[in-house]
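Subject: Structure for you to look at

Hello,

Here is the structure I promised to pass on. Please open it alongside this note, and I will walk you through what was found.

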Amino acid sequence: MSEERDAIDRPRDVSSGPAGQGSSFEDRLSAARRKQGLEAPRQDEAAANAGVGLSASQGSALGMGMRVGIELVSALAVAVAIGWFLDGWLGTRPWLLMLFFVLGGAAGVANVWRLVSPPKPPAK
Amino acid sequence: MAAQGQAIDALSQFTLTPALGVVGSSVNFTQANLFMVIAGLLTIGMLVLGAKPRAIVPGRLQALAELAYENILKMCTDQIGPEGRSYFPFVFTLFFFVLMGNLLGMLPWAFTYTSHIAVTMALALLVITVVTVVALRIHGLHFFSYFFPPGAPKALAPLIIPVEVISYLSRPLSLSVRLFANMVAGHVMLKVFATFVVMMAGAGTIGVIGAAAPLALNVILIGFEFLVAFLQAYVFAILTCIYLHDSVHLH
């Protein structure tokens, strides 16, 4: 799965110790191959993968559906738990729970949006 | 005919029982602990024995060890950046602990320790603690600006900050529930269809023919479970990397 990210042309420090030799050699090799036209530049694909991160590995629709469901529910569960404990602590029984229920729903939607949103431009 | 009156019992496979006889039961050493130890020994054994030959053309075990090492290292440096090297041991250990748990669970009579929410939740809490500590060490109190994205209107701060904090706190839950739910669902499904096979085969000649369908399905499911075992370990590791990226770079 990660083979597709081979072509990410990231400036890497070459002098990062003995362990760095292998990958920097790969980088120089692929750069040289690109210069000679032996390897098609896959910049667009690499950029897309770097931004999305996980969506490349989670190809199946079932996996995606499961992820979305878990993100939604876990944010809601955490928020409801926070609201419940704050209520018990401050003695404001229903109110904070109701507030955090709404906030948790919003956080769940924010999680899902982060999961499916188009990749951000690299200039951040 | 003994199995006739029984309902399908798909959940007893997750019960903990003491392992290693009297010694184990006196210190509450369960079979989950035993398989964790086995997983650790297998991983260490693979790496030590794989690194031993130091052949230029690697043998099978050395190729396995090298592939494992290089792929996780690449995952770290791709996702986190050049700083990812410092977190490589952590991600590597997590990945192999989860992977070995998932794969050992595929053996007959073995126990899947990743099918317990206590185990996966402990792992996820470890991840989130490490991620937060790393962010606090690198960025200090500036870390808390993570909860307010730059460029958002200031008036929305009372709304955005709680939502972002809840979203951050929901990470360990989603991380652990994903792994736990996948493992439990897979093993329950296998058990249910295996019970169908036994029940139908017990119902006479027609039943034996009918038992072929759930048996075939189980064969497919076993293959699918191997995929899930690898995929969930990979997802766990790569999500750890993504969270580490967030804490190293913020935003």
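A salt bridge here is a side-chain nitrogen of Lys or Arg within 4 Å of a carboxyl oxygen of Asp or Glu. Please keep in mind that this is a predicted model. Over all chains, the structure holds four salt bridges.

You will find A:Glu71 and A:Arg67 together in helix H3 of chain A, which covers residues 61–90. They are four residues apart there, about one turn of the helix. Both A:Glu71 and A:Arg67 are buried.

A:Glu71 also forms a salt bridge with B:Arg178, and here the closest N and O atoms are 3.3 Å apart. This pair joins two chains, because A:Glu71 lies in helix H3 of chain A while B:Arg178 lies in helix H6 (residues 157–201) of chain B. A:Glu71 and B:Arg178 are both buried.

Now for another pair: the side chains of A:Arg114 and B:Glu164 meet in a salt bridge, at 2.9 Å from N to O. A:Arg114 sits in helix H4 (residues 93–116) of chain A and B:Glu164 in helix H6 of chain B, so this pair joins two chains.

Finally, salt bridges with shared partners join A:Arg67, A:Glu71 and B:Arg178 into one network.

Enjoy exploring!

Best wishes

Methods
Residues numbered from 1 in each chain as written. Chains lettered and ligands numbered in written order. Predicted model: local features only at pLDDT ≥ 70, side-chain atom pairs only at ≥ 80, totals over all residues. Heavy atoms only, no water. Buried < 20%, exposed > 50% of the residue type's maximum accessible area, 1.4 Å probe, protein only.
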